[in-house]
Amino acid sequence: MSGPEERERHREWVLAALDKFEGSLQRYVARLAGDADMAQDVVQHAFMRLCGEDPQSVGHVRQWLYAVCRHRAIDLLRKGNRMQAL
């Protein structure tokens, strides 16, 4: 990102995605993981990653966010299962 106008457009893009998808993503991850606290962490992680992405490289924001959330939730569930086995 170069100038302040571009940074502001990027900020608005992220905030629009947050407003539109946050609730449905949290419900999705909570169903997937069975844990509302984990869902909040996973969704926050996804939006933090979105902040660092170029809108041109993301393509379809909804699908990108769901994929990031799904992968992060699965990673955390696997990690939790390994910890319990010990």
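Pro55 touches His10 and Trp13, leaving aside residues up to four places away in sequence. Touching, or contact, means heavy atoms within 4.5 Å. Pro55 sits in helix α3 (residues 55–58). Its C-alpha atom is separated by 9.9 Å from that of Arg9, 46 residues apart from Pro55 along the chain. Is Pro55 buried, exposed or partly exposed? Its relative accessibility is 29%, so Pro55 counts as partly exposed. Buried means under 20% relative accessible area, exposed means over 50%, and partly exposed lies in between (1.4 Å probe, protein chains only).

This is a predicted model: local features need pLDDT of at least 70, side-chain atom pairs count only at pLDDT 80 or more, and totals for chains, interfaces and linings use all residues. Residues are numbered from 1 along each chain as its sequence is written, and side-chain values use heavy atoms, with hydrogens and water left out.

Now take the whole chain. It has four helices and zero strands. Helices (H or I, at least four residues) and strands (E, at least two) are DSSP runs, numbered from the N terminus. The pattern along the sequence is α-α-α-α. The C-alpha atoms fill a box of roughly 50 × 25 × 20 Å along the principal axes. Of the 86 residues, 28% are buried. Take the contacts between residues at least 6 apart in sequence: 61% of them join residues at least 24 apart.

Next comes helix α1 (residues 4–33). A kink of about 50° is centred on Phe21. The bend at a residue is the angle between axes fitted to the seven residues ending there and the seven starting there. Phe21 is also among the buried residues of α1, which include His10, Trp13 and Tyr28. Just after α1, Gly34 takes a positive phi of about 70°.

How do α1 and α2 pack? Helix α2 covers residues 36–51, and the two axes lie 8 Å apart at an angle of about 150°. Axes are lines fitted to C-alpha atoms, for helices over the stretch in contact, and angles run from 0 to 180 degrees between N-to-C directions. The two helices are therefore roughly antiparallel, a label for angles over 145 degrees. On the α1 side, the residues that meet α2 include His10, Trp13 and Phe21. Their partners in α2 include Met38, Val42 and Phe47. By class, this contact has 17 nonpolar, three polar and one charged residues. Ala, Val, Leu, Ile, Met, Phe, Trp, Tyr, Cys and Pro count as nonpolar, Asp, Glu, Lys and Arg as charged, and the others, Gly among them, as polar.

Terms used
Parallel < 35°, antiparallel > 145°, perpendicular 65-115°, else oblique.
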